[in-house]
Amino acid sequence: MEISAVKSYIAGQREFMIRDLAGFVRIPSITENRKEVRQALRYILKLARDMGFSAKSVLDEQVGVIELGDGDETVGILAHVDVVPPGNLAAWQTPPFVLVQKDSKLYGRGTLDDKGAIIASLYAMKAIKDSGMPVHKKIQLILGTQEEGEWSDMDAYVKQYPLPDYGFTPDGEFPLCNIEKGCMTMCLSFPVEQISESGLFLTELFADSAVNTVPGSCTAKLFQYEEGKKIREEVINIEGKSAHACQPEKGQNAIFLMAQKLKTYSLEEGTIWMSLKRLEEWFSDLYGEGIGLSNEKQYINGEYVDRNVFSPTRICTTDDALEVYVDIRYAYGTDDRKLIGKITSLLESCGGKVQVITNMPAVYVSKDRPFMHAFGQAYEEGCGRKNEFVLAYGGSYAKAMPNIVSWGPIFPGDEDTCHAENEYITETCLLENAIIFTAALAKITLSEKSFK
């Protein structure tokens, strides 16, 4: 397919793509809400079937598979229908689960992560189908439902189904991301004592973000005690700025802002207050310098792997513990055992304990692979920008299967609103993603040669 024909076709699908994205966004498929997540999966599978594709769900609706073509090779597109919670509703300028067109932007939770990219991918497959040209390879659009959670969906799929030979996940940035950081979630549990003294104590701390999102708000409860009895309560709310935890510098962590605020109070040295101060001391620099885990080498074999980053995200107080989730993005080449050992030692020194919730390794795919060349050419033809091979900051489904790279939907210089309030994708970005994906699929599937 000529790139001019691809651009013309996608331009003609613009209104249909926006219409279908609006229906998709309308379903509040927050990861923990399995009913709505299943509804989102059913929505996109029905849309695919209406377009004439083979589309089904597997593993009790944990994963959806949309297929076109057949052959000895399969190119996969991995994406997810679940989304993170909207966060601070007061910070949204539009309803989070209504697609709002404003100034050539499409606002709504999931527009950028991942629902817009799924619509772009589906219409790229439709462009290949509607071309009427013979397809020599299979295309699989594989849709997960727990990417923003524990990945139980993709873990099960990888164990039970044949995997594509190569492909991409449109769950990051352009250009081609052949390196991706490792991703770890820890739960740190600090012990909480029963108060029997007099004075002003921090007794509860709460930040209800997704475990991979810098919290945009934090709440603290202070109690004045007199010989162990509560006589006065004060509630403090602090607003920060939420952001994806893979790049915490783009947000303002409300947990750290709360620590700064509470320093203006004459608090007694209770265990929750001491734990909050430890969190600030250990992690507020973002890069692990406070705990001796800053990586010295930011380049490996001449390729940029960036720094380790650490972000306290979700936090709550139980009867006997302060539980803090920490999102860790570690650079390719970092020893994850060292990370776990160091943080475990820190917690044990103050009577706490550590649980590793998830740990997904860093990704490296050689930029010399034939399918990588095809992707790079499609990018240059589709948007007119020069292709490069760069680092992906997020933790995507590229970690789930071999030979999968993170590719799109965010272009260099564009605002990244993933996991943030007022998430949006521009109309231009939506269309250009579809153009690039169509060009890539055409180069690979309309050719008889191997791209392994």
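User: How many residues does helix α9 have, and what is its reach from first C-alpha to last?

Analyst: Helix α9 (residues 370-383) has 14 residues and reaches 20 Å from its first C-alpha to its last, close to the 20 Å expected at 1.5 Å a residue. That expected span is 1.5 Å times one less than the number of residues. Helices here are DSSP runs of H or I with at least four residues, strands are runs of E with at least two, and both are numbered from the N terminus. Bear in mind that this is a predicted model, where local features need pLDDT of at least 70 and side-chain atom pairs count only at pLDDT 80 or more, while totals for chains, interfaces and linings use all residues. Residues are numbered from 1 along each chain as its sequence is written, and side-chain values use heavy atoms, with hydrogens and water left out.

User: Which residues of α9 are buried?

Analyst: General idea: an α-helix has 3.6 residues a turn, so residues three or four places apart point the same way. In α9, the buried ones include F371, F375, A378 and Y379. Buried means under 20% relative accessible area, with exposed over 50% and partly exposed in between (1.4 Å probe, protein chains only). The buried residues of α9 pack against several elements, among them α1 (3-12), β9 (176-180) and α10 (427-445). Just after the helix, G384 takes a positive phi of about 75°.

User: Okay, now sheets. What is the strand order in the open sheet of four strands?

Analyst: Strands of a sheet pair through backbone hydrogen bonds, either parallel or antiparallel. This sheet runs β18-β19-β10-β20, with antiparallel pairing. Its edge strands, β18 (309-317) and β20 (353-360), each pair on one side only. To count as a pair, two strands need at least two DSSP bridges between them. β10 (residues 182-191) and β19 (residues 321-330) share ten bridges, and M184 stands opposite I328 in β19.

User: And which strands does β9 pair with, parallel or antiparallel?

Analyst: β9 pairs with β22 in the parallel sense over four bridges, with F389 as the bridge partner of L176. With β21 (residues 363-364), β9 pairs in the antiparallel sense over two bridges, and E180 stands opposite V363. Five of the five residues in β9 are buried.

User: Last one: how many residues line the largest pocket?

Analyst: The lining has 46 residues, and E147, E148, G149, V211 and N212 lie nearest the pocket's centre. Elements giving two or more residues to this lining include β9, β10 and β19.

Note on methods: Contact = heavy atoms within 4.5 Å. 1 Å grid on protein atoms, 1.4 Å probe; cavity = no way out; pocket = protein on both sides within 12 Å on 5 of 7 lines; lining within 4 Å.
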